[in-house]
Structures are given as structure tokens and as C-alpha cells.
Amino acid sequence: MAGVTVGSGESTPLVRVLDEARLSPEGLAAACWRHRILLAVCILLVAALAGGASFLMRPRYEAEVVMIPVKGDDLRQALNTGITGQLGGLASLAGVNVGGAANKDEYLEFLRSRGFIRRFIADNRLLPVLFAKDYDAATGRWTVDDPDDVPTLADGVKYFDDHVLAIDEERRTTVVTLGITWTDREVAAKWANELATRVNRELQTRAIREAQASLNYLNAELAKTTVLEVRQSIYKVIESQIKTAALANVREQYAYRIIDSAVAPDADDPSSPKLLVMLLLGAVLGAMLGVVIVLWKVLLQRTTPTA
């Protein structure tokens, strides 16, 4: 039988095996049908092993907080400011944000920032929790042999970002979903809610600090000028900053309005491993293994000399 090639004469690994066994794809299908019992055994065996492994794996649970950013337009209406036109330049010099269109993107990047995650891990002393296999809680010491292998905050941030925290934004509605995946379902819900509360608190504190800095600058500029029109403009910007600071002080959900707080999922509803997914994966791997065995048997028969 002529060799089967693809493209410009280069053959895939499977085609090369088929060519070596003098077997066409149709012939492979026929061989698999002849050995269908072997294939079925491989599929059932590997699927059963995968299903059994799912019961041995430690389950992980996901808890989510659903929230939406407070719009810049809402803030401006709440402040009822009159900063427009000629006041814009002065406001910019003072560090006053007179437009809120970019706020939601800024909030989202702040939520995803390594600094925010680092502070959360450090304040809650989570390194021993994240790297529990390398930590002896009884002695309060790390069990690694090399001191250089002791997990650092940078390691914790990377692990938390890669394996624990998930942040998704629906661009059309701007709804943000903050998810935490962890082995303890109660802890997963606790961390998710704490992160949502913390991002509001930190952005609130920053807004108050920036408003105060702006007020200090504006008061200094006010003392430098005697021009009535300029002084009136500065007074209006000062008024807006006072309202900004007041709003930040009284509004707990300063940056994100929480729509749905996280709750601990049921014990029998882990996010992974999923039994059905494991069974399907095992069936696919079992089928691949069965095909490999069939090919091996065909090759063996073709290369074994007959008496």
C-alpha cells in the first residue's frame, strides 16, 4: 500500500505510523472495530480510574461577589458641583478629577493590582495558609531545607493571582465578578467579601487623602491672589473638594456597589474536581490509549514473520 502523506509531502506522526503499518485511515477504523472490546475495556478502565481519582483529590470551592462600579456621573450629581469651562484648568492643577468616565477602569486596575493583593496577603498573614505544605503550624516555622526556598510575599501574590483570585468584567454592563477559589468553602466566601470591602475602603481613603491635598493647594493659591474672579473660581473648586471629602467619608461603598455578597457554597458542590468532567476526560484518554494499543498490535502483526 502506498504511503499516505499530507501537505507538501510531510506526514503527521499518526500518518507515519499508519504508513509504517501499511494501514490507511479506513484500515485503522476497521482494526479498531475488530478490537472494539479492547477499546471498550480501555475506555471503561481509564474512566473508572479518573472517576476514582476525583474522589481522592481535595475539592476546591468558588465563592463570588457581584458588584458594579459607582459611575462618575453619579458622583458628580451627588456632589452637585459646577466645575466646568474655565474652572477645569484650575481643578486639574489642584488634582481634582472633574470627569468620571475613566473611574471604572481605574477601579478595576486597582482591584487587580499586585500592590492591592500584596497588602491583603500581608495584613491577613496568609503566606502560611497559601503554602501550608511548607509550613509547620505547631512550631510556627517553615519546613523547607533551603532558606532561599521560604515563600516570599512576591510568591504569595503570584500564587494568589494565578490560583485563587479571578476577576471578570462584563464590558457591556460593567458588572464585576470577584471570585475566590479555595479548599475551604467558608474561607473562600470570607476572602471574597473582605476583598470587596477592602477595595472600597482603600479607594475611599485615597480619595479623602487626595481631596485634602487638593484643598491644601487651593488654599495656598487663594492666599496668593487678590483678583476677585480668580478667587471666586477657587472657592467653587474648594467647595467641590469639600463635598468630595464629605461623600467619601460617609459612603462605605465608595467605588463599587455590592450587588450580591459571597456565600459559602454547599459542601457537595465543589468547583473542582467535577466527577462528570473527570469521567469524560478519562473516557477520551482511554480511547486514545486503546487506539495506540490497536496500532501496536497491527504493527506487531505486520513485522512478525510468518512460519
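Predicted model: local features only at pLDDT ≥ 70, side-chain atom pairs only at ≥ 80, totals over all residues.
Let me start on the surface, where Ile37, Val41, Leu45 and Leu49 together form a nonpolar patch with about 420 Å² of accessible area; patch members have over 30% relative accessible area and no salt bridge, and nonpolar side chains are joined within 5 Å. Accessible areas here come from the Shrake-Rupley method with a 1.4 Å probe, and a salt bridge is a side-chain nitrogen of Lys or Arg within 4 Å of a carboxyl oxygen of Asp or Glu.

Residues are numbered from 1 along each chain as its sequence is written, and side-chain values use heavy atoms, with hydrogens and water left out.

Valine 41 is partly exposed, at a relative accessible area of 48%; buried means under 20%, exposed over 50%, and partly exposed in between.

Now to the backbone. Most residues other than glycine have a negative phi. Arginine 125, however, has a phi near 50°, and it sits in the loop between α7 (114-124) and α8 (127-130). Threonine 174 also has a positive phi, about 65°, in the loop between β4 (165-170) and β5 (175-182).

Are these two residues buried or exposed? Arginine 125 counts as exposed, at 70% relative accessibility, whereas threonine 174 counts as buried, at 12%.

Definitions and conventions:
Patch = residues over 30% accessible without salt bridge, like charges linked within 9 Å, V, L, I, M, F, W, Y side chains within 5 Å. Buried < 20%, exposed > 50% of the residue type's maximum accessible area, 1.4 Å probe, protein only. Helix = DSSP H or I, 4+ residues; strand = E, 2+ residues; numbered from the N terminus.
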